[in-house]
Amino acid sequence: MLLAGPASAQDSRLSLAERVTRLEQQAQNQDKGGIGLVNQVQALQSQLQQQQGQIEELQHQLQMLDDKSKAQYVDLDSRLGRLEGGAAAGTKAAPAAAGTAAGVPTQAAGTAASAPGTAAGTTPAPTPATADEQSAYDTAFNALRGGDYAAASRGFRDFIQQHPDSALAPNAWYWLGESYYVTTNYSVALEAFKRLLAQFPQSEKAPDALLKVGYTQYELKQVDAAKATLQDVLKKYPGSKAASLAQERLNRIQLQSAQSAN
């Protein structure tokens, strides 16, 4: 009995030491777990930053491609515009041949009434552009080529208001529509293209304007109207560049519709 007391006390001390040891181990494990959690959070933050950087780089590349595409498009059309502008600024013009479009910008006013293909009640052929008109037109057109679409739209609107019967008026309407189209202001662009077709249906810009009506309707989610307009381009201007582009867009719309159905 005398030996049992010290042994019991020793066992109690050992038990207490073990408990302290276990508690210390638990605390260490918790510390390690906390450190591990912090490391995981830091790793996730690092991955998120990397992904964010990749997203920003992709957005930058996409913007560069978009700007390049717009610049190439404007440059291509600008070459046609310069040719048309130069023809309109000429002081002499041959009468329209049979089968050609009436209302050509350089056509003399005296022959406009007898030009073949001109329907009764349509707007007469515009008068040749003056030097002042050409200068104002070029200023707006250069703004468009330079990517200053706001200045271009203002320039073309001012030109149309001041020179509504100019030989360059159809072109001004067309490029006004383009200045809105490239900035995705599709509703206003659609109005400009339609005004060109209404006022100058015999203009050399009419096929392109009708094509752009179809493009714009599609961007406005007016798919059925867009398809009908593009079909109209094929019927009215077979074999033209506008007709070729209209067919390409119709094929693309059909493909997208089929993919959506699947």
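Biologist: To start, how many helices and strands does the protein chain have?

Modeller: In this predicted model, the protein chain has nine helices and zero strands. Read along the sequence, the pattern is α-α-α-α-α-α-α-α-α.

Biologist: What share of the residues counts as buried?

Modeller: Of the 262 residues of the protein chain, 30% count as buried.

Biologist: And what part of the contacts with a separation of 6 or more comes from residues 24 or more positions apart?

Modeller: Such pairs account for 50% of those contacts in the protein chain.

Biologist: Let us turn to the core. Which residues of the largest nonpolar core touch the most other members?

Modeller: That core has 39 residues, and the ones that touch the most other members are Y137, F156, W173, W175, L176 and L230. Two or more residues come from each of α3 (131-145), α4, α5 (169-181), α6 (186-199), α7, α8 and α9 (241-261).

Biologist: Which element gives the most to this core?

Modeller: Helix α5 does, with eight residues.

Biologist: You listed W173. What is W173 in contact with, leaving aside its neighbours within four places in sequence?

Modeller: W173 is in contact with I160, A192, R195, L196, Q199 and F200.

Biologist: Now the helix pairs. How do α3 and α5 cross?

Modeller: Their axes come within 11 Å and cross at roughly 25°. An angle under 35 degrees counts as roughly parallel, so α3 and α5 are roughly parallel to each other. The crossing of α3 past α5 is left-handed.

Biologist: Which residues make that contact?

Modeller: On the α3 side they are Y137, F141 and L144, and on the α5 side N171, A172, W175 and S179. By class, the contact of α3 with α5 has five nonpolar, two polar and no charged residues.

Biologist: Moving along, what about α6 and α7: at what angle do the axes cross?

Modeller: The axes of α6 and α7 cross at roughly 155° and come within 9 Å. That makes α6 roughly antiparallel to α7. The crossing of this pair is left-handed.

Biologist: Where do α6 and α7 meet?

Modeller: From α6, the residues are Y186, L190, F193, K194, L196 and L197; from α7, they are A206, A209, L210, K212, V213, T216, Q217 and E219. By class, there are nine nonpolar, two polar and three charged residues in this contact.

Biologist: What lies in the loop between α7 and α8?

Modeller: K221 lies in that loop. K221 has a positive phi of about 70° although it is not a glycine. Most residues other than glycine have a negative phi.

Biologist: Is K221 buried or exposed?

Modeller: K221 counts as exposed, at 71% relative accessibility.

Biologist: A last topic, Q162. Where is Q162 placed?

Modeller: Q162 is in helix α4, which covers residues 149-162. Q162 has a relative accessible area of 57%. The cut-off for exposed is over 50%, so Q162 is exposed.

Biologist: What separates Q162 from E133?

Modeller: The two are 29 residues apart along the chain, and their C-alpha atoms are separated by 9.0 Å.

How values were computed
Residues are numbered from 1 along each chain as its sequence is written. This is a predicted model: local features need pLDDT of at least 70, side-chain atom pairs count only at pLDDT 80 or more; totals for chains, interfaces and linings use all residues. Side-chain values use heavy atoms; hydrogens and water are left out. Helices (H or I, at least four residues) and strands (E, at least two) are DSSP runs, numbered from the N terminus. Buried means under 20% relative accessible area, exposed over 50%, partly exposed in between (1.4 Å probe, protein chains only). A nonpolar core is a set of buried Ala, Val, Leu, Ile, Met, Phe, Trp, Tyr and Cys residues joined through side-chain atoms within 4.5 Å. Contact means heavy atoms within 4.5 Å. Axes are lines fitted to C-alpha atoms, for helices over the stretch in contact, and angles run from 0 to 180 degrees between N-to-C directions. Angles under 35 degrees count as roughly parallel, over 145 as roughly antiparallel, 65 to 115 as roughly perpendicular and the rest as oblique. A crossing is left-handed if the near helix is turned anticlockwise from the far one by less than a right angle, and right-handed if clockwise. Ala, Val, Leu, Ile, Met, Phe, Trp, Tyr, Cys and Pro count as nonpolar, Asp, Glu, Lys and Arg as charged, and the others, Gly among them, as polar.
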